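Subject: Structure for you to look at

Hello,

Here is the structure I said I would pass on. My notes on its pockets and domains follow below.

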Amino acid sequence: MKLLKQLCSIHAPSGNEKKLTDFLLNYIEEQKVQWKQQPVVVYGEGFQDCILLIFGKPRTAIFAHIDSIGFTVRYGRQLVRIGGPDLETGYTLVGEDSQGKIECTLKFDEEEHEISYSYEREIERGTELVFKCDLRETEETVQSCYLDNRLGVWSALKVAETLENGIIAFSSWEEHGGGSVAYLSKYISERYGVHQALISDITWVTEGVRPGEGVVISMRDSLIPRRSYVERIIGIAKASGIPYQLEVEGAGGSDAKELQHGPYPWDWCFVGAPEDNVHSPNEIVHKKDIESMVALYRELMEKL
C-alpha cells in the first residue's frame with residue numbers, strides 16, 4: 001500500500017492536478033521497463049494535466065480521474081467547495097500559500113450553511129485546501145482520504161503491469177464537473193478507433209452493495225450505459241469466477257458523462273470497488289474488493 005499512500009497524499013484537487021501528473025509521469029518512466037508491454041506515453045501540449053498510455057493495438061480504454069475534492073479559500077476565513085466534500089467541523093485540512101505550509105481545521109455552521117477554517121492567520125485567497133492524509137490499514141481494509149479516486153488510479157497502474165493491448169487515460173476535473181474526457185475521447189476515437197470504455201472509479205457501499213463481496217459493475221447511475229455492452233462485461237465477469245456485485249442507482253456520475261454526451265459512439269461501464277464514508281477523510285474500502293477490481297480489469301482488457 002506504499003504507492004496508494006503516496007497517491008492519496010499528493011495535493012491535486014480539481015483544476016490543479018499538476019503535482020500528481022508529474023508524480024505519475026516519473027512513476028511510469030521508472031516502472032514501465034518492468035511491464036509486459038512498453039506503452040507510448042502521451043502528455044503535454046494539448047493534453048493539459050492528463051496522460052494517455054497506449055499499449056499495443058488497443059480495443060478498450062480505461063478512464064481514471066486523478067483529481068480530488070477539496071476547498072478553495074474565498075475572502076477572510078470563508079471556504080468554497082471543490083466538488084462535494086463531506087462537511088464536519090474538526091476535519092484537518094492542509095495546503096500551502098506564499099507564506100508557507102498550512103495545517104488548519106474545517107468549521108461548518110449547519111444552521112447558516114457556512115464553511116470556514118480555523119487557523120492562526122488568514123490564508124491567501126484562492127489557496128486550495130485538501131483533507132490531510134492519514135492512511136490506516138488492517139488485515140481486511142484500507143482507510144484514507146481520496147481513495148476516490150486514487151484507488152482507481154492505483155488499480156489502473158496495477159493493470160498496466162501486464163496489459164498488452166489497451167489504453168489507460170488519466171483524466172482531470174471529474175470531481176467538479178469534468179472537462180478533460182471530451183478531448184481525450186476525441187483523440188482516442190480519431191487516432192485509434194477505440195470506442196469501448198471502462199470507468200476505473202470508486203462507488204458507494206449501500207443496502208445493495210456490500211463491502212468485501214466483490215468489485216462493483218454498475219448497471220446504471222444518473223446515466224444509463226448501453227445494455228448490450230454491460231451484459232458483455234457481466235458475462236465475462238461471471239465466466240471468470242472473480243467476485244463481483246451489480247449496482248443499480250438513480251444518482252451519481254463519473255467520467256462517463258462526457259463519453260455519453262459526446263459526438264462519438266462510446267460504449268462505457270463503471271467498474272470499481274465500493275467505499276463507505278464517501279468524500280470524507282475516512283473513506284474505507286475492503287481489500288477483497290480491491291483485489292477483485294484489479295483482477296476483473298485484467299480479464300476485461302483481455303476479453304473485450
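Start with the second largest pocket. Its lining takes at least two residues from each of α1 (2-9), β6 (92-97), β7 (100-109) and β9 (128-131). Please keep in mind that this is a predicted model.

The second largest pocket has a volume of about 350 Å³. It is lined by 18 residues, and those nearest its centre are His11, Lys19, Val94, Gly95 and Glu96. Sorted by class, this lining holds 8 nonpolar, 5 polar and 5 charged residues. Domain 1 (1-68 + 136-303) and domain 2 (70-131) each give at least three residues to the lining of the second largest pocket.

In the contact between them, 14 residues of domain 1 meet 13 residues of domain 2. The two domains bury about 1100 Å² between them, with 58% of it on carbon and sulfur atoms. On the domain 1 side, His11, Tyr146 and His279 lose the most area to domain 2, together 40% of what that side buries. How many salt bridges does the rule find across the interface of domain 1 and domain 2? The count is 0.

Last, the largest pocket. It holds about 400 Å³ of space. Its lining has 26 residues, and Glu174, Asp201, Gly252, Gly253 and Ser254 are the closest to its centre. β14 (203-204) and α6 (256-260) each supply at least two residues of this lining. By class, the lining of the largest pocket has 6 nonpolar, 10 polar and 10 charged residues.

Regards

Definitions and conventions. Residues numbered from 1 in each chain as written. Predicted model: local features only at pLDDT ≥ 70, side-chain atom pairs only at ≥ 80, totals over all residues. Heavy atoms only, no water. 1 Å grid on protein atoms, 1.4 Å probe; cavity = no way out; pocket = protein on both sides within 12 Å on 5 of 7 lines; lining within 4 Å. Points joined across faces, edges and corners; volume = space filled by probe spheres on them. Helix = DSSP H or I, 4+ residues; strand = E, 2+ residues; numbered from the N terminus. Nonpolar A, V, L, I, M, F, W, Y, C, P; charged D, E, K, R; others polar. Domains from an automatic or database assignment. Contact = heavy atoms within 4.5 Å. Buried area = accessible area lost by both parts, 1.4 Å probe. Salt bridge = Lys/Arg side-chain N within 4 Å of Asp/Glu carboxyl O.
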